[in-house]
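Visitor: Got a structure to go through. Can you put it up and take my questions as they come?

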Amino acid sequence: MFGTSHGLDLAALATLHRIPVERVATATDLGRSMSSGLESGGVRMLIASTDRAANVEHHRRIVHAVEGLA
């Protein structure tokens, strides 16, 4: 999993190397694509665009929840 704020087109790079690229829009799509990839084997790139600020807050809530269990 990578945060790619560097402006590179990783999908184009994957395509150049004949690596299949799939864009996923929802968590359901991501799960389906991951399962399909595990079943078929090989290499593929899945691209999921997210909101970084929302991700940071979500991870913060998870950390606080786990800390509360200790």
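Guide: Let's take Arg44 to begin: this is a predicted model, and Arg44 has 31% relative accessibility, so Arg44 counts as partly exposed.

Visitor: What does Arg44 form a salt bridge with?
Guide: With Glu22; the closest N and O atoms are 3.4 Å apart.

Visitor: Switching to the fold. How do strand 1 and strand 2 run?
Guide: Parallel, with four bridges joining residues 21-24 to residues 45-48. One of the residues involved is Arg23, whose bridge partner in strand 2 is Ile47.

Visitor: What do the two strands make with helix 2?
Guide: A β-α-β unit, right-handed, with helix 2 covering residues 27-40.

Visitor: Back to charges. How many salt bridges in the whole structure?
Guide: The search finds four. Among them is the one between Glu57 and Arg60, at 3.6 Å from N to O. Those two are three residues apart in helix 3 (residues 52-69), so about one helical turn separates them.

Visitor: Which other residue meets Glu57 in a salt bridge?
Guide: Arg61, at 3.9 Å, N to O. Arg61 and Glu57 are four residues apart in helix 3, about one turn. Through shared partners, the salt bridges join Glu57, Arg60 and Arg61 into one network.

Note on methods. Residues are numbered from 1 along each chain as its sequence is written. This is a predicted model: local features need pLDDT of at least 70, side-chain atom pairs count only at pLDDT 80 or more; totals for chains, interfaces and linings use all residues. Side-chain values use heavy atoms; hydrogens and water are left out. Two strands pair if DSSP finds at least two bridges between them. A crossover is right-handed if, with the strands pointing away from the viewer, the path from the first strand over the helix to the second runs clockwise. A salt bridge is a side-chain nitrogen of Lys or Arg within 4 Å of a carboxyl oxygen of Asp or Glu. Buried means under 20% relative accessible area, exposed over 50%, partly exposed in between (1.4 Å probe, protein chains only).
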